[in-house]
Amino acid sequence: MTSSPFRGTAPTRVDHLVVGAGFSGLCAAIKLQEDGETDFLVVEKGDEVGGTWRDNTYPGAACDVPSQLYSFSFAPNPDWSMSFSQQPEIQAYLRRVAAESGTLDRFAFRTRLEDARWDDAAQEWVCRLSGDATGEVRSRTLVLGAGGLSEPKLPEIEGLADFEGELFHSARWDHSVDLAGKRVAVIGTGASAIQIVPEVQKVAGHLDVYQRTAPWVIPRNDRRYSAVERAALRRVPGLQKAYRTAIYWARETYVPAFTWQPKIAWPAKKLALANLRLGIKDPDLRARATPSYQIGCKRILISNTYYPALDADNADLVTDRIARVTDRAVVTADGTERPVDVIVVATGFYTTELPITEHVTGRTGRTVAETWREHGMAAYKGTTVPGFPNLFFIVGPNTGLGHSSMVFVIESQVQYLREAVRAMRAGRYGAVEPTERATRRWNAALQRRMKRTVWSTGGCSSWYLDAHGRNTITWPRTTASMRASLSRFDQAAYDVAPDQTGSTPTREDVSA
Ligand code: N01
């Protein structure tokens, strides 16, 4: 647990209020500081930095993007022990980067943003906080780095709330529950579940895995870095950067298979089917674990241990729909009742209706959630929204990836934030807001591209699609093109208002 320097009171005004202390909020804080924008406050509802990597402590939690790429470009880590990092190592990395950044004195932990309201006369966000730091903070910009996968979603299954055994979500793992010898049910077969299942199968008396849709699972080419490799990464100038760059571009070559011609993903499909054949001996089980949609339509998962765990004597893959849960059992649509001591719910997160958007009210008196209710999430370049001046999303609409590192996206969006803040300083603007026209054009072009992606044509339903069937989560182009589009603040797409309060110092004043 990290102590908050703001216990009891928050400052009454800051230049920048950042929500969330995961990769996004931490990156924003570090880069704002680098620009001399030192007057900021980061509010975080959890006990410490880390975001998703602080919250997801389930057994087996690890990253499916290579370690060298899944880290800040400005804070390379030659000491990653594995080519794909485990959760404790990523969390330790984030703690270390935060501590070394010299920004933690402006982080308020155990503090929630209750609501934020745009004050047009003052050209400021009026933010109400609760928790360790309470009260009202006014800020020139509001940066939302609250994460796209931070609010656990429980399935709507009759009787779930009345289950009398232990029940918890994958992102809220209850470590006080000993699973040894117990009858355990895991609901869901997504990225979280396939990491949990092999770990639970090792210790449980019996494991039932409830699958609604079979995932595509390719081998996890994970390995431990040798001491020699780590020494080389540390000592040979440029080596780590070159290694990271090579991984980055190799991953960019996957993009056409997702966004243009899904058929060219046949090598991945072959790999996944071989993984299935190797991992599961029982032909009936293998058939039930075989996906029936195009690979890539849902996130492609990586594991060497998931299939063998399903094939183990103490595990069953249940493909009948769950009808209800009783006080001690899960009952499927065919009437079978399977007694169970512990239910692990690995059913994902609220993704297309981000809970934080209910709490942010813009220039017209509507919340972001209300603005998006009718047509779904949409932002300009995934970052700014008409009606919400000086508001910046990190990991906003259509910034998600199927093939590469979200840390790259986060750094790109933070760069855009920096450019916008620089433009505001240079022009003495009190407010910048993307035009409706620019936002409409941006999203129309994006959705046109989306039509031919595997996420639209692959024959699956996924958490990328909202209630209108529109993909508001993933980015349908290369990450290089995303970075290019976020590399400068394109003022022509914005309505800018001069600083009416006279309180915006110029860059020179800030760096003086
Ligand atoms: O969640 P998910 P997740 N009854 O939404 C099923 C990242 N991540 O936590 O496919 C029965 O993917 C649902 O079934 P279906 C990564 O971006 C990364 O696993 O909708 N089942 C699905 O199987 C990932 O994509 C890492 O038919 C129900 C599962 O629950 C994202 O987080 C690790 C159900 C939900 O899968 C989310 O992953 C973990 C119901 N009512 C997560 N409702 C790594 O880096 C849902 N399901 C490795």
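How much space lies in the second largest cavity? I get about 50 Å³. For me a cavity is a set of points, on a 1 Å grid over the protein atoms alone, where a 1.4 Å probe fits but cannot get out; the volume is the space filled by probe spheres set on the points.

Ground rules: this is a predicted model, with local features needing pLDDT of at least 70 and side-chain atom pairs pLDDT 80 or more, while totals for chains, interfaces and linings use all residues. Residues are numbered from 1 along each chain, and side-chain values use heavy atoms, with hydrogens and water left out.

I count 3 cavities of 30 Å³ or more in the structure. Helix 13 (436-450) and helix 15 (479-485) each supply at least two of its lining residues; helices are DSSP runs of H or I, at least four residues.

Next, the ligand. I find 22 residues around it, and Thr189, Ser192, Arg212, Thr213 and Lys298 come nearest; near means a heavy atom within 4 Å. I looked up polar contacts (N or O pairs within 3.5 Å). A polar side-chain atom of Arg212 sits 2.9 Å from a ligand oxygen, and one of Trp463 is 3.2 Å from a ligand oxygen.

Where does the ligand lie? Domain 1 (8-151 + 350-511) and domain 2 (160-215 + 256-345) both give residues to its shell, so I place the ligand between them. The domain bounds come from an automatic or database assignment.

Terms used
Polar contact = N/O pair within 3.5 Å; in protein donor to acceptor, adjacent residues only side chain to side chain. 1 Å grid on protein atoms, 1.4 Å probe; cavity = no way out; pocket = protein on both sides within 12 Å on 5 of 7 lines; lining within 4 Å.
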